[in-house]
Amino acid sequence: MNRNFGTATSLAFETHPNPRVNSPPFLFKVYQRVSGDGNRNILASRQSSCICSPADGWRHSMLFPTTIFAIFFATLFYLHWALVKRPRLWKPLLLAASYLFYGFWNWKFIFLIAIFTVLNHWAACAMDRYPPAQSSARKRILVAILLFDLGVLAFFKYAGFLTLTAVQTLAVLGLPPGDTALRLLEAVGRIVLPVGISFFTFQGMSYVIDVYRGDFRPGRSLLDFANYLAFFPQLVAGPIVRARDLLPQMEQPPRRDRPLDTSRASFLILAGLFKKTVIANFLAERLADPVFAHPESFSGPDALLGVWGYALQIYCDFSAYSDIAIGLALLLGFHFPINFNAPYFALSIRDFWHRWHISLSTWLRDYLYIPLGGSRGSERQTYRNQFLTFLLGGLWHGAGWTFLIWGAFHGLSLALERFLARLFGMRDSDPPPNRFWPVVLRRLWVFHWVCLSWIFFRCVSLTDALAYFKSLTDWSRPPTLWSPSVGLALAAGWCLQYLDGTRAERLWVSLTCYSKPLQYAGALLQGAASAAILTVILAMGPRGVAPFIYFQF
Amino acid sequence: MARWRDEIGERRAGEGKGTPLGPVLAGFSLFCILALLLNGESLHQNAHLLPYPRPVVITWPPSLSWRQPPPSFEWRSPARAMAIRLSAPLAAVSRGTGLNRFRARLDALFHTDNPQPAPPPP
C-alpha cells in the first residue's frame, strides 16, 4: 500500500478535498438534462444550493472521523459521566449536545427537529388519553400526525423529484417547460435536504404507531422523547432505533456503578474508523467514483471492478457508521441493536435483507409489510406486498427513478425467490446447505445479484445505468484499474465481514482484565493501544474524509 | 459473527462484567493524551484546513428597499486562528517527547511520494 491511499501526509481530519466526492450529484444532472442548454445561467446559480448536493453543508457538518467531533465527544464524555447522577442537569445536557451536533451542519434545522419532537410527542400523549375502545379518535390523531410526518418528508425530499417529473411529463406531452415551470424548478431546487430527515421521521412514526397499537406507552417527559429522537450517535444515519429500545434508557440514566463494555465499544469504533477512513475512501477514489462517473469509457473488467468496489464501499461506509454509533453509545452507557450481520455472506436475497440495514428492513416489515397483509393472504397478495414494501423502501432511499428501480429489483427478486422455492417444494424453515462449494457458489450468486442492483442505486440517471450495463458486456479490452493495492482493498473489504466475533475481537476483549487489581492496568493498556491504532488508521487513510453515503438519505 | 457479538455484549452487560467507570475514565484520558501527542504535529500542520462554522453574513440595519441592498458585513469565527495557536504548544510537546516520530514513520511508510504539507500560515 503506498500512494494509492491518498494524496497527502496529513490527518484524515478535514472533509474530502475532492468537491465531487463531497457533493454526490443527485438531481442536478437530471435538471441539466431536462432544462437543456438554454438555461445554463439558472443551472449555474443553482449549483451551489441544489436540493441534494448540500456540499457546503456537508463540509461544515460534524462527521465522526473529524477533529471537531473528537473534541465534541471527549468533552461530552466527561460531562456526561459527571452529571449522570443528576438527571435534571444530565438530560438537558444530552439534548443540548445532540442539537449542537445537528446544528453544526445547519442550525436552522434544529427548529425542524424540535417542532417534529413536540408534535409527535403531543400526538402520542393525546392517543394515550383515549381508551382503546375509542379507536376512531385515536385513528384520527394517528392519521393527522402521520400526514404531518410524511408531508414534511415529502416536502424536503420529494418536492424536487415530483416537480421534475411533472415538467418531464408535460414536455413529453408536447408542452415544453415555460419560464414559470423553470422558476418553480429553481425554487424547489433551493430547498435544502435536512441531513438524516428520513431516519428521525421513521423513528417518530414508529413511536406514534406503537402507541396507537397499544404496544408502547408514551414517555411522560417531553425531554426524554426529545433525547430519544435526537440522540446524536444515530441521528443522521441510523440505526433506526425503536422507542421501546431506547426511550426507557433515556428515562433511566446509565448507572455509574454498572461496568461499561468498553472493549466492545473501542473495538467497534476502531473497526468502523478503519472501514470508513481506509477501505471505503480508497475504494471510492480508486474504483467506484471514476467508473460510475464515466461508465461509457471503461471496459467490462473495469466496470465489474467498479461495481465490486461500490458494493464493498457502501458496506464499509454504512456499517462503519453503524459500528461507530453503537460504540459511542456504549461508551455513554446506552445499548443499540446491531444493524449489519455480514450481509454478503447471505445465501439468498431474503437472507441478505435479514443482514443488511437490519433496523430499516425490520421497520419496513413491522410498519409496512405486515399492515399491508404480509404473507397472510393469497400467494399473489404476498408477492404484491413484498414488491410494494421494497418499492417504497427504494423511494425512502432517495427521490429518483434509479432508487425506485433499485427497490423494485429487490421486490421482484424476493418474489421470484419465493416463487421458485414454492415451485421446487422448499420452505423458509429448511436449513441452508452445509457443504462448502454449494455455500460458496450461493454466496457468490447472491453477491453478484445484489451488485446488479447497486448499479441502479449508484447511477445518477437511468441513462448512466444503461451505459454501465453496456460497459459490463464489453470484454474486448483489459482492465486499467486493477493493481495489487486495489485487490488488497477489495479483499480487505470482503474479509472485514469476518471481523466480528473472531480472534481479533477476543484478543482485544482480553486486553481488559476483569480481576479487580488489574482493572486499571487493563483499561490503560487498552487506551494506549487504541491511541496507537488510531494513529495507524489516520496515517493509512487519505487526506480528508468523504461524508458517509447514508447522510444523503 | 455479529450475532455472537451482540449476544456476548448483552451477556457481559447483563452479568455486570466489563470495566468499572474509574478505570474507563483513566483509560479514556490516557487515550486522549496519547492520541494528541502522537498526532500533535500533524494536527498543527493541518489546523488551518479544519472545517469550522461558515462565515456569518450579518445585515444591519435591515432595509426594506428593493433597489438598495442593505449594508452587511461578514463575521468569521476565530476558531481557526485559535486552533492554529493552541495546537502549536501541542506540536512542541509532541516533538519534545519524540512521539511525533511514530506518526512520521507511518506517513513515510504509507505515503512515500507525497510532498510535505505546507506549513500553517502565521
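Buried residues account for 29% of the 122 residues in chain B (buried means 20 or more other C-beta atoms within 10 Å of the residue's own, exposed means 12 or fewer, partly exposed is in between, and C-beta atoms are placed from the backbone). What you are looking at is a predicted model, where local features need pLDDT of at least 70 and side-chain atom pairs count only at pLDDT 80 or more, while totals for chains, interfaces and linings use all residues. Residues are numbered from 1 along each chain as its sequence is written, and chains are lettered from A and ligands numbered from 1 in the order in which they are written.

**View 1. Chain B, from one end to the other.** Chain B has four helices and two strands (both are DSSP runs numbered from the N terminus: H or I with at least four residues for helices, E with at least two for strands). Starting at the N terminus, the order of elements is α-α-β-β-α-α. Take the contacts in chain B with a separation of 6 or more: 74% of them are between residues 24 or more positions apart (a contact means C-beta atoms, placed from the backbone, within 7 Å).

**View 2. Chain A as a whole.** Chain A has 23 helices and zero strands. Of its 553 residues, 50% are buried. Among the chain A contacts between residues at least 6 apart in sequence, 77% join residues at least 24 apart.

**View 3. Where helix H23 of chain A meets helix H4 of chain B.** Here H23(A), residues 519–540, and H4(B), residues 100–110, have axes that come within 9 Å and cross at roughly 35 degrees (axes are lines fitted to C-alpha atoms, for helices over the stretch in contact, and angles run from 0 to 180 degrees between N-to-C directions). On the H23(A) side, look for A:Thr535, A:Val536, A:Ala539 and A:Met540; they meet B:Phe102, B:Arg103, B:Leu106, B:Asp107 and B:Phe110 of H4(B). Sorted by class, the residues of this contact are six nonpolar, one polar and two charged (Ala, Val, Leu, Ile, Met, Phe, Trp, Tyr, Cys and Pro count as nonpolar, Asp, Glu, Lys and Arg as charged, and the others, Gly among them, as polar).

**View 4. Helices H7 and H11 of chain A.** The axes of H7(A), residues 109–129, and H11(A), residues 222–230, come within 10 Å and cross at roughly 125 degrees. The two helices are therefore oblique to each other (under 35 degrees counts as roughly parallel, over 145 as roughly antiparallel, 65 to 115 as roughly perpendicular, and the rest as oblique). H7(A) and H11(A) make a right-handed crossing. H7(A) puts in A:Ile113, A:Thr117, A:Val118 and A:His121, and H11(A) answers with A:Leu222, A:Phe225, A:Ala226, A:Leu229 and A:Ala230. That contact comes to seven nonpolar, two polar and no charged residues.

**View 5. Helices H7 and H10 of chain A.** H7(A) also packs with H10(A), at an angle of about 10 degrees and with the axes 9 Å apart. This pair is therefore roughly parallel. From H7(A) come A:Ile113, A:Phe116, A:Asn120, A:Ala123, A:Ala124, A:Met127 and A:Asp128, and from H10(A) come A:Phe200, A:Gly204, A:Tyr207, A:Val208, A:Val211 and A:Tyr212. Ten of these contact residues are nonpolar, two polar and one charged.

**View 6. Domain 1 against domain 2 in chain A.** Chain A is split into domain 1 (85–251) and domain 2 (348–431), with bounds from an automatic or database domain assignment. Their centres, taken over C-alpha atoms, are 25 Å apart. Domain 1 brings 13 residues to the contact and domain 2 brings seven. On the domain 1 side, H8 (135–172) and H10 (197–213) each supply at least two residues, and H10(A) gives the most, with five. That side of domain 1 divides into eight nonpolar, four polar and one charged.

**View 7. Two loop residues of chain A with positive phi.** A:Ala342 is in the loop between H14 (300–331) and H15 (349–355), and its phi is near 45 degrees, a positive value in a residue other than glycine. A:Ala342 counts as buried, with 20 C-beta neighbours inside 10 Å. A:His357 is in the loop between H15 and H16 (358–372), and here too phi is positive in a residue other than glycine, near 40 degrees. A:His357 is buried, with 22 other C-beta atoms within 10 Å.

Definitions and conventions. Left-handed = near helix turned anticlockwise from the far one by under 90°. Contact = placed C-beta atoms within 7 Å.
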